[in-house]
Amino acid sequence: MSIERIPYRGLRRKLVLAFDVGTTFSGVSYCVLDPGSVPEIKGVTRFPAHEQVSGASKIPTVIYYDNYGKVQAVGAEALQEGVFEQAEENEWTKAEWFKLHIRPKDGSTADITSKIPPLPVGKTVVQVVADYLKYLFDCAASYIKDTHANGQDLWLSVQNDIDFVLSHPNGWEGYQQTQIRQAVVAAGLVPDTTAGHGRVSFISEGEASLYFAIQHGLPNGTLERGEGVVIVDAGGGTIDISTYQKPVGVKKFEEISAPKCHFYGSIFVSIHARLFLQDLLKESDYSEDLDHIVRCFDKTTKIRFSDDKQTQYIKFGSTRDKDEEVGIRFGQLKLSGSDVAGFFSPSIKSVISTVEEMLRMGTHHITHVVLVGGFGASDWLFKELQKELGSQGLKVVRPELYVNKAVSDGAVAFHLSSMVQARIAKHSYGTLQNVEYDPVDPEHIARFSKLLVRASGRKLVPCGFAAMLAKGTRVSDDNEVKINLWREVDSKDQLASVAFDVHCYTGDIDPCPKFYDMDPNGFKKLCSIEVDLSHLPLEPEERKNGPGVFFTVKYWVVLKFNSAELKAQMLWYENGIERRSPARLVFYQDS
């Protein structure tokens, strides 16, 4: 299926830059928007020392810092001959897999901290990501200047009007996006202003990969028949699984189940290999070479592995290296194919179990699974998914070319024109509010001792959960959900900063609890929304529970869940006219 693009309708030239910062490899795609011209998506395919790296358009997500915290080598330059020795001699610190330090710190990722390298001493994850983004930006600028006709002039015409699109795993939300946006600001790519922040947008890796699957991975007619398609973006750190359908006669796609994110990317194959080899070599003189042996496994054995019946070898030394008790001869460590297959097993099982769960739901007819991402190039992963899912009637396909540039290209494409018109809510979202006391409601009676009495005389039960959006709800492009709130205050000055907390319920009670204390561990504070309402014309009211007056303000909070990034507005009525104001969102950690 081809995607028809229309000419850019803007009045001036601008640039869209998409950064796909992966756990192990990263890429950049871009599009120069010229008024009246049809946009063309291109990839940055030239980086410093890029000949050291196999692959069309990605470089390693690696930075070396010296003892003063200054960047010494980045990307492909960090893999150049002599850099490893130089780093050891000068005691440089290597930052890798740092993207995973941004991840949600909930129970599902609790065991990952011990498996990933710590950040360099004195560096935050925002600072490290900022350094890497600055490098990617400089590489993109050089590439555009060098490869386009009149490249210098072209760059000068767009350098102050660039929209940035950043992709992230399916499971990441507001707090993770806040950290990434802070890194974009710290890198000097946009100013730390509302307008600057507005030039940064986000897209989930699953949704970005849909574009590539449409263009390169699916047989003609599959989507036009309204069949469901599972996109598996297998990357270095995560495996993102998303499911879409294009309703017959409609141009855009719909999510048909909540997207999933598993921390079982290719680095976890290496982690399992390291644990195995560490145990194997614990009594051997070669235990000191463990890091080098694992690096050799990463570069060769892991990539080439395709048969669990065939003996595998990790070539790491010279013909003189020998320890037959642990299977080392002629500088090669011998492993059984079944052992190597075991390193891949958790990653493969995570995909199969997720797809099987989608099939069991049975809400849509799913026919194809499209495998993309750098880890998706693994023949063993592909063969096992074909075997296991093929037996259940699914056709597993893998685009032939450049599966590793799917996300950055897709990020640009979606920025130009989103192809998804409806998404599925991953959790139930709402707010904790005081509920008008109902003397015949058993839940209210049980909480009688906690009643609050307001200035107006109203009796309220605290900490009720008012759901604004239920888990599994289909949210379309033009959907917005709103909740009516009120506040009683002694002075209008108290309305200068009205805050409203959004909570999500991630527990197992279905439908979600009506009160917070029914499952306190299942609720998470997602973000706080702040707005100034002190300017509203309000009339004082006589207090019912003592002398003096109070003010009542009624307002609505409007939330839009229809993109990768939560948007919020505050709504109120002034002299009978609806008013809206963009609200400031402050996200909490571990959202």
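1. Two strands count as paired if DSSP finds at least two bridges between them. The model is predicted. In it, Arg 329 has Gln 332 of E15 as its bridge partner. Strand E15 covers residues 332-335 and is joined to E14 by two bridges. E14 and E15 run antiparallel.

2. The sheet to which these strands belong is open and has three strands, in the order E13-E15-E14. Its pairing is antiparallel. Strand E13 (312-315) and strand E14 (328-329) are the edge strands, each pairing on one side only.

3. Two helices lie across E13 and E15. One of them is helix H7, residues 266-280, which runs at about 105° to E15. Helix H8, residues 290-304, also lies across E13 and E15, and its angle to E13 is about 120°.

4. Elsewhere, helix H2 (residues 125-147) packs with helix H3 (residues 151-158). Their axes are 7 Å apart and the angle is about 135°. Because roughly antiparallel requires an angle over 145 degrees and roughly perpendicular covers 65 to 115, H2 is oblique to H3.

5. Which residues make the contact between H2 and H3? From H2 they are Phe 137, Ala 141, Ile 144 and Lys 145. H3 contributes Gly 151, Gln 152, Leu 154 and Trp 155. By class, the residues of this contact comprise five nonpolar, two polar and one charged.

Definitions and conventions. Residues numbered from 1 in each chain as written. Predicted model: local features only at pLDDT ≥ 70, side-chain atom pairs only at ≥ 80, totals over all residues. Heavy atoms only, no water. Axes fitted to C-alpha atoms, helices over the stretch in contact; angles between N-to-C directions. Helix = DSSP H or I, 4+ residues; strand = E, 2+ residues; numbered from the N terminus. Parallel < 35°, antiparallel > 145°, perpendicular 65-115°, else oblique. Contact = heavy atoms within 4.5 Å. Nonpolar A, V, L, I, M, F, W, Y, C, P; charged D, E, K, R; others polar.
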